[in-house]
Amino acid sequence: MYTVTVLESFIAQHFLTVPNAGPEGEPHSHRYEVELTFRGPELNEFDYLVDIDDVEAALDGLQSRYADAMLNDLPEFEGHNPSVERFARAVWERVTEKVTDDTVTELTVTIWEDDQAHAAYEASVPCASA
């Protein structure tokens, strides 16, 4: 299995919406580091697993979408607690819309929150030619 991992970091804000959230229930910032790990058993005709230009475009999109944003105000968090777990799933969904290489069969999105904690979402990706 081949893997390619890329990183992006930015600062965003949120507040937790669970009962008894304590200080985390107030708006605050985190430095998030997003780690995208693409996996697949085969390389394409150019011996790449993933088109790095597509990955860079997806990273630029993450930067524009989330840097300095209040996560709670974004549609992907409507009706949800903006936890780091939910954030990892939201990023996975955005990235798999942009990176559609047939050689990529799985994507893991790991999000670090201030170097103290991280969560990941991992799933098979839909085949681009399907």
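Predicted model: local features only at pLDDT ≥ 70, side-chain atom pairs only at ≥ 80, totals over all residues.
Close-up 1. Thr105 itself sits in the loop that lies between helix 2 and strand 3. Its relative accessibility is 29%, so Thr105 counts as partly exposed. Phe38 is 67 residues from Thr105 along the chain, and the C-alpha atoms of the two are separated by 7.7 Å.

**Close-up 2. The largest nonpolar core.** This core has 33 residues. Those that touch the most other members are Leu36, Phe38, Tyr66, Phe87, Val91, Val109 and Ile111. Two or more residues come from each of strand 1 (2–14), strand 2 (28–40), helix 1, helix 2, strand 3 (106–113) and strand 4 (117–124). Helix 2 gives the most, with 7 residues. In soluble globular proteins, nonpolar side chains tend to be buried together.

**Close-up 3. Contacts of Ile111.** Neighbours within four places in sequence are left aside here. Ile111 is then in contact with Tyr32, Glu33 and Val34, with Val84, Phe87, Ala88 and Val91, and with Ala117, His118 and Ala119. Among these partners, Phe87 and Val91 are, like Ile111, listed with the core residues that touch the most other members.

**Close-up 4. Packing of helix 1 against helix 2.** Helix 1 covers residues 52–66 and helix 2 covers residues 84–98. Their axes are 9 Å apart, and the helices pack at an angle of about 135°. Helix 1 is therefore oblique to helix 2. The crossing of the two helices is right-handed. On the helix 1 side, the contact is made by Asp54, Ala58, Leu62, Arg65 and Tyr66. On the helix 2 side, Phe87, Ala90, Val91, Arg94, Val95 and Lys98 take part. Sorted by class, the contact has 7 nonpolar and 4 charged residues, and no polar ones.

**Close-up 5. Asp68, with a positive phi.** Asp68 is found in the loop between helix 1 and helix 2. Its phi is near 65°, a positive value in a residue other than glycine. With a relative accessible area of 62%, Asp68 is exposed, because the cut-off for that class is over 50%.

**Close-up 6. Asp114, with a positive phi.** The loop between strand 3 and strand 4 holds Asp114. Phi of Asp114 is near 55°, which is positive in a residue other than glycine. Asp114 has 27% relative accessibility and so counts as partly exposed.

Methods: Residues numbered from 1 in each chain as written. Heavy atoms only, no water. Axes fitted to C-alpha atoms, helices over the stretch in contact; angles between N-to-C directions. Helix = DSSP H or I, 4+ residues; strand = E, 2+ residues; numbered from the N terminus. Parallel < 35°, antiparallel > 145°, perpendicular 65-115°, else oblique. Left-handed = near helix turned anticlockwise from the far one by under 90°. Contact = heavy atoms within 4.5 Å. Nonpolar A, V, L, I, M, F, W, Y, C, P; charged D, E, K, R; others polar. Core = buried A, V, L, I, M, F, W, Y, C linked by side-chain atoms within 4.5 Å. Buried < 20%, exposed > 50% of the residue type's maximum accessible area, 1.4 Å probe, protein only.
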